[in-house]
Amino acid sequence: MKVNIETTADGSQTLFVPSLDEHYHSVKGALTESMHIFIKMGLNESKALQPRILEIGFGTGLNALLTLCEANKGRKVRYTSLERYPLPREIIGQMSYPQMTPTDTTKEYQSIHDAKWNDWVSISQFFELRKIETDFTTTAIKEKYDVIYFDAFAPEKQPEMWTQEIFNKMYGCLENEGILVTYCAKGIVRRMLQGAGFTVERLAGPPGGKREILRARKCQ
């Protein structure tokens, strides 16, 4: 899959996929978007003492890196990320995310991408990572998670990832009081989340970016 590197409005980078006419992150600020949606509205809202996170769409590893930075403040995280199309290392080596985190995380970012696929790897004292090369639509998920980062390509670009069956499956993956966060706030997505059993909130999007995002909670 061919990709091009582009700089977004906050100075961080994203990838553009010409064949899909789609970006990996918001062009209005890749790092700003990920920090707001997945860290502030997702991880930081979880009551779990040692959150288990499931990310659907590993991509550039930006969400994993930001989660590692948050975990290193003293809250241990076990992070599972699913990716159907792993990126080539030559692309990853050109991303500037480590230089934009509060402290330089070049070593950690390299470790995230060097980590062996399909095995647990300790990246830091507080962050364990397991990357799995798979298609979520056909993968049986046996474990339970406290937070889901749902970061698939947009519904019109990857419709098979935005179905009632997929949202039902994610509901089943979560512990009670678990949280799912996604950048997509479309009405049809909200209704499918509700149909799966979630309690859904519309929240303000990241500064300068999307107007709204969604956070869904499993409350039994």
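Is Glu212 buried, exposed or partly exposed, and what is its relative accessibility? Glu212 is partly exposed, at 24% relative accessibility; buried means under 20% relative accessible area, exposed over 50%, and partly exposed in between (1.4 Å probe, protein chains only).

The model is predicted: local features need pLDDT of at least 70 and side-chain atom pairs count only at pLDDT 80 or more, while totals for chains, interfaces and linings use all residues. Residues are numbered from 1 along each chain as its sequence is written, and side-chain values use heavy atoms, with hydrogens and water left out.

**View 1. Salt bridge between Arg211 and Glu212.** A salt bridge is a side-chain nitrogen of Lys or Arg within 4 Å of a carboxyl oxygen of Asp or Glu. In this pair the closest N and O atoms are 3.8 Å apart. Arg211 is exposed, with a relative accessible area of 70%.

**View 2. Salt bridge between Lys76 and Glu128.** The N to O distance is 3.4 Å. Lys76 lies in the loop between helix 2 (62–71) and strand 5 (77–83), and Glu128 in strand 7 (residues 127–133), so the pair ties together parts 52 residues apart in sequence. Helices (H or I, at least four residues) and strands (E, at least two) are DSSP runs, numbered from the N terminus. Lys76 is partly exposed at 31%, whereas Glu128 is buried at 17%.

**View 3. Salt bridge between Arg215 and Glu201.** The closest N and O atoms are 2.9 Å apart. Because Arg215 lies in strand 11 (residues 212–217) and Glu201 in strand 10 (residues 199–204), the pair ties together parts 14 residues apart in sequence. Arg215 is buried at 6% relative accessibility; Glu201 is partly exposed at 25%.
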